[in-house]
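Subject: Structure for your files

Dear colleague,

Here is the structure I said I would pass on. My notes on what was found in it follow below.

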Amino acid sequence: GELLAMEPGAAEAFAALRLGYTETAGSPELRHEIASLYHGITADDILVFAGAEEAIFVFMNAALHPGDHLIVHSPCYQSLASVAAAAGCRVTRWEAAAEQGWAPDNERLSREVTAATRAIVVNFPHNPTGYQPSRPEWDAIIGAVRGAGAMLFSDEMYRELEYDESARLPSACDCYERAITLSGLSKSFGLPGLRVGWLATQDRDLLAKAGSIKDYTTICSSAPSEILGVI
């Protein structure tokens, strides 16, 4: 009721909603609203999932192959490392330390990169420590990933929850052509029950591969969740 009251005509639109299959990529209206959170991303650069967990699973299986090397900023949400490991990848944990204020060590990142490194996974604002890099630090991380020729998978589930809005970083998908941003409505929007997550990326080929895998997971999202997500 609180959501429907936020937008004129929303209650009527919700009541008239057709409960058929939705579009695999997500409704055009929902993808348009998601794209508005970014600067260089359009609705065609968005793929919607039934929560971020599905998005992680699909990305890892679309982008990685057995034997690939993955570097994961740690500590982290378990799936960011375990799904790749289950797919036969070699996972290196790029550990942050409390005594360093949880700041990731870019020199160590450079040492861990190999010719087999396919993707580097980061998470800012960081779960569980809350660490947020400065803009120069963020640019340095992106530069290191670009130099390695790897994909950057950026878990941004807590983006927009910064105490100081001026500390908000530009999304990875706006900064690097091989970056994939993970986000959703569960954390910053406080709506985990809607099960709406997404991937945003300039890499249309990867998005197409991910969409093909989604055909064998949820196929499409919940129509009621999508319209509530738009609101």
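Among contacts in the chain between residues at least 6 apart in sequence, 66% join residues at least 24 apart. Please keep in mind that this is a predicted model. The chain has 9 helices and 7 strands. Its C-alpha atoms fill a box of roughly 55 × 40 × 30 Å along the principal axes. The radius of gyration is 18 Å, which agrees with the value near 17 Å that a compact globule of 231 residues would have. Of the 231 residues, 46% count as buried.

Helix packing

Two packed helices are described by the angle between their axes and the distance between the axes. Helix H3 (residues 52–63) takes part in two such pairs, described here in turn.

The crossing of H3 and H4 is right-handed. On the H3 side the contact is made by Glu53, Ile56, Phe57, Met60 and Asn61, and on the H4 side by Ser79, Leu80, Val83 and Ala84. Sorted by class, this contact has 6 nonpolar, 2 polar and 1 charged residues.

The other partner is helix H8 (residues 204–214), which packs with H3 at an angle of about 115°, the axes being 9 Å apart. Here too H3 passes its partner H8 in a right-handed crossing. H3 contributes Glu54, Val58, Phe59, Asn61, Ala62 and Ala63 to this contact, while H8 contributes Leu206, Lys209, Ala210, Ile213 and Lys214. By class, the contact of H3 with H8 has 7 nonpolar, 1 polar and 3 charged residues. Asn61 of H3 is listed in the contact with H4 and also in the contact with H8.

Which residues of H4 are buried? They are Ser79, Leu80, Ala81, Val83 and Ala84. What covers the buried residues of H4 includes H3, strand E2 (69–74), E3, E4 and E5. H4 is followed by glycine 88, which has a positive phi near 90°.

Backbone points to check

Most residues other than glycine have a negative phi, and most peptide bonds are trans. The following places in the chain depart from that.

- Tryptophan 102 is not a glycine, yet has a positive phi of about 70°. Tryptophan 102 sits in the loop between strand E3 (90–95) and helix H5 (106–112), and is partly exposed, with a relative accessible area of 30%.
- Isoleucine 219, also not a glycine, has a positive phi of about 70°. Isoleucine 219 lies in the loop between H8 and helix H9 (223–230). With a relative accessible area of 40%, isoleucine 219 is partly exposed.
- Phenylalanine 124 and proline 125 are joined by a cis peptide bond with omega about -10°. Proline 125 is in the loop between strand E4 (117–123) and H6.
- Asparagine 127 and proline 128 are joined by a cis peptide bond with omega about 25°. Proline 128 is likewise found in the loop between E4 and H6.

Two loop residues and their contacts

Glycine 149 is in the loop between helix H6 (135–148) and strand E5 (151–155). Its relative accessible area is 42%, so glycine 149 is partly exposed. Not counting residues up to four places away in sequence, glycine 149 touches Tyr176 and Arg178. The C-alpha atoms of glycine 149 and arginine 118 are separated by 8.1 Å, although these residues are 31 apart along the chain.

Glutamate 160 lies in the loop between E5 and helix H7 (172–175). At 32% relative accessibility, glutamate 160 counts as partly exposed. Leaving aside neighbours within four places in sequence, glutamate 160 is in contact with Leu37, Arg168 and Ser188. Between the C-alpha atoms of glutamate 160 and lysine 187 the separation is 9.5 Å, the two residues being 27 apart along the chain.

Regards

Definitions and conventions
Residues are numbered from 1 along each chain as its sequence is written. This is a predicted model: local features need pLDDT of at least 70, side-chain atom pairs count only at pLDDT 80 or more; totals for chains, interfaces and linings use all residues. Side-chain values use heavy atoms; hydrogens and water are left out. Axes are lines fitted to C-alpha atoms, for helices over the stretch in contact, and angles run from 0 to 180 degrees between N-to-C directions. Helices (H or I, at least four residues) and strands (E, at least two) are DSSP runs, numbered from the N terminus. A crossing is left-handed if the near helix is turned anticlockwise from the far one by less than a right angle, and right-handed if clockwise. Contact means heavy atoms within 4.5 Å. Ala, Val, Leu, Ile, Met, Phe, Trp, Tyr, Cys and Pro count as nonpolar, Asp, Glu, Lys and Arg as charged, and the others, Gly among them, as polar. The radius of gyration is taken over C-alpha atoms; the globule rule is 2.2 Å times the number of residues to the power 0.38. Buried means under 20% relative accessible area, exposed over 50%, partly exposed in between (1.4 Å probe, protein chains only).
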